[in-house]
Amino acid sequence: MPARAKSTPAKRTATKKRKKRRPPDPARTWARRLDRTRPNLVADVLAGLATIHGHPTWERRLDPTSELILTILTQNSADTNAERAFESLRDAYPSGLTPERHIPGPGWGGVGLSDGAPPDWAAVEFAPVQELVEVIRHGGLANQKAPRLQSTLRSIREARGDYSLEFLGAMAPLEARAWLTALDGIGKKTASVLLMFSFGMPLMAVDRHVERVSKRVGLIPAKTTADDAHDLFLAMLAPVEMYESHVNLIRHGRVICHARNPAHEICPLRDRCRFVNPKAP
Ligand code: SF4
């Protein structure tokens, strides 16, 4: 039997290098720290929100391509204006496809789209850009959004051969999110909205309401960016808590925890809110 080769110092150093630990995941580190320093905060916030906003249940609200375009139209615009712009797209570029029903759900700030077929996405992509600007003018920021809609539709068609995003439903949530965020102009928020509302995937979309309420309570650090906050929530929440947390935090930001004059006196989160008491447990 051959003698075992002796481990040389050089080999030992190489092995040590290979075993070097990966840097800690900042999202998991934050979730553990929150658990340690403010026990049950997440559970208490979710329970408090449910006392006034209930337990919303998921229902698909639109096909994923429509959801994506509608979400782009909502960026820095009121949901009602985005609805008007989307309906103008339907009118200007009719597809003749089967009409769909928009189920806006409790987190949506508009009145809901009327029943109607999705627009003809090819016609939207290839429309003269100035024409498209006029079509979506009611939505706000039309000069920026018209070319953005066209480049998004172009990227989808070039990657997939058509405009359907139904294939995303068969992917793992983070894989699907990565596919979408690789498209020009699509960030984690827009991708998460689409995947959560069209497929019920357990992802968190952090809009300005979610960000404001969460920072005030102390669920996320005051200095964290909205982009990083997406991953903090994924580490803090169980998958089954994701949809309800998103919808109820948005509702809370809209109806109680306003940017100006938040209604602390009727808020079920006030005992644990660091905005009203910096030493809240
Ligand atoms: S207590 Fe006030 S600041 Fe805190 S979450 Fe409620 S409304 Fe917002």
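Leaving aside its neighbours within four places in sequence, Phe 233 is in contact with Met 204 and Val 206, where contact means that the two C-beta atoms, placed from the backbone, lie within 7 Å. The model is a predicted one, in which local features need pLDDT of at least 70 and side-chain atom pairs count only at pLDDT 80 or more, while totals for chains, interfaces and linings use all residues. Residues are numbered from 1 along each chain as its sequence is written.

Phe 233 also belongs to the largest nonpolar core, which has 64 residues, and together with Leu 73, Phe 86, Leu 195, Met 196 and Met 204 it touches the most other members. Such a core is a set of buried Ala, Val, Leu, Ile, Met, Phe, Trp, Tyr and Cys residues joined through C-beta atoms within 7 Å, and a residue is buried if 20 or more other C-beta atoms, placed from the backbone, lie within 10 Å of its own. Helix H10 (residues 188-199) gives the most to this core, with seven residues; helices are DSSP runs (H or I, at least four residues), numbered from the N terminus. Because domain 1 (26-56 + 204-272) and domain 2 (64-199) both give residues to the core, it lies between them; the domain bounds come from an automatic or database domain assignment.

The C-alpha centres of these two domains lie 27 Å apart, and 14 residues of domain 1 are in contact with ten residues of domain 2. On the side of domain 1 that touches domain 2, helix H12 (226-236) and helix H13 (242-255) are the elements that give two or more residues, and H13 gives the most, with six.

Notes:
A residue is buried if 20 or more other C-beta atoms lie within 10 Å of its own, exposed if 12 or fewer, and partly exposed in between; C-beta atoms are placed from the backbone.
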